[in-house]
Amino acid sequence: MMHLIFAACMLLSAGLWDTATALAGQTLDRVRANEAVRCGVSEGLPGFGLKDPAGRWQGFNVDFCRAVAASALGNPDKVVFIPVSTANRLPILLSGKIDLLMRSTTYTFEREAALGVHFAGIYFYDGGAIMVSRRSGVRNIAELNGATICVGKRTTYETHLEDYFSQRGWTYKLLSIETLAGIRETFFGGQCQALCSDRSELAAIRLLAPGGPQEYDILPEVISKEPLGPVVRRGDEEWFTLIKWVLFALIEAEERGVTQANVRTLRNSSTDPGLRRFLDSDSLPEKSLGISPGWVVRVIEAVGNYGEIYERHLGSQSRLKLDRGLNRLWTQGGLMYSPPFR
């Protein structure tokens, strides 16, 4: 009986292997036809998505888009970056104009259940905060009772502020703004006394302040949980699965000590069976998703592991110098954790 079961499993595996490219999914087929991943990013936010003086996009979110292109197309440069605002990011994704949304978007029940999208994991654990002018003398949120507060239109902060202030019996005037440029102009122009957003986004916006970042303070209170994730349209499980495992590969690589500099050497010389399995990705899962063997090596060679990407754009090597906090590996007291690659 065991021999019969084994033979049946082998035949099933062989059948799946032969028809794997048919399972690749419509999005990957379209990406291949376009020879590019169309990636929705911010309109220009330091650390996350911003064009450098040479016109090349740089940032934490940008590198994730390149990692996806490396896995799906074999070339990290085959990405078309499409700037989107907080107000139009999800409609643009649902319209099919982009294949992947990588513009800081909070993973919520309402968005995933009601809007027809999937969050392919969490790539950044953030929290809601409020920024004020240092000259205002405001040192805590209680001092903003009755203030005008700016937020991005169609962000979670339209609800979070209402919850936070109403629980404490405070009042405020909400000013919702559609674009990042509009937010900067309104807040730095003094039309609102405070700006509410992700703590990381506030740190990035502060770098763009006309008088320099030292003119603005981010208040210490955290008003909400803001887990940020890559977003795809619902209905293409293969594309969703690929995006999710690209994220896991970046995390797993950091945990295993695989870097942009040593990935090729480790692939060729390591005697660790688990590491070799992780890097020698030429098995049924890859075939089922319709991607070429060696995709993990391509991803890490293109952008590095999760920690390298973080430090380069958000951490010690960046202007933001954000502490990793919950974005550390689970082995270092954080929440970043990958399922097994087997």
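Phe60, Phe64, Tyr123, Leu247, Leu250, Tyr306 and Ile309 line the second largest cavity of this predicted model. A cavity is a set of points, on a 1 Å grid over the protein atoms alone, where a 1.4 Å probe fits but cannot get out, and its lining residues have an atom within 4 Å of a point. This lining draws at least two residues from each of α3 (60-73), α9 (237-256) and α14 (306-313); helices (H or I, at least four residues) and strands (E, at least two) are DSSP runs, numbered from the N terminus.

The model is predicted, with local features needing pLDDT of at least 70 and side-chain atom pairs pLDDT 80 or more, while totals for chains, interfaces and linings use all residues. Residues are numbered from 1 along each chain as its sequence is written, and side-chain values use heavy atoms, without hydrogens and water.

The whole structure contains two cavities of 30 Å³ or more, a volume being the space filled by probe spheres set on grid points joined across faces, edges and corners.

| Cavity | Volume | Lining by class |
|---|---|---|
| Largest | about 160 Å³ | six nonpolar, eight polar, six charged residues |

Ala, Val, Leu, Ile, Met, Phe, Trp, Tyr, Cys and Pro count as nonpolar, Asp, Glu, Lys and Arg as charged, and the others, Gly among them, as polar.

The largest cavity, of about 160 Å³, is lined by 20 residues, of which Thr86, Thr155, Tyr157, Ser197 and Glu201 are the closest to its centre. Two or more lining residues come from each of β8 (148-152), β10 (194-198) and α8 (199-206), and β10 gives the largest share, four residues.

Definitions and conventions. 1 Å grid on protein atoms, 1.4 Å probe; cavity = no way out; pocket = protein on both sides within 12 Å on 5 of 7 lines; lining within 4 Å.
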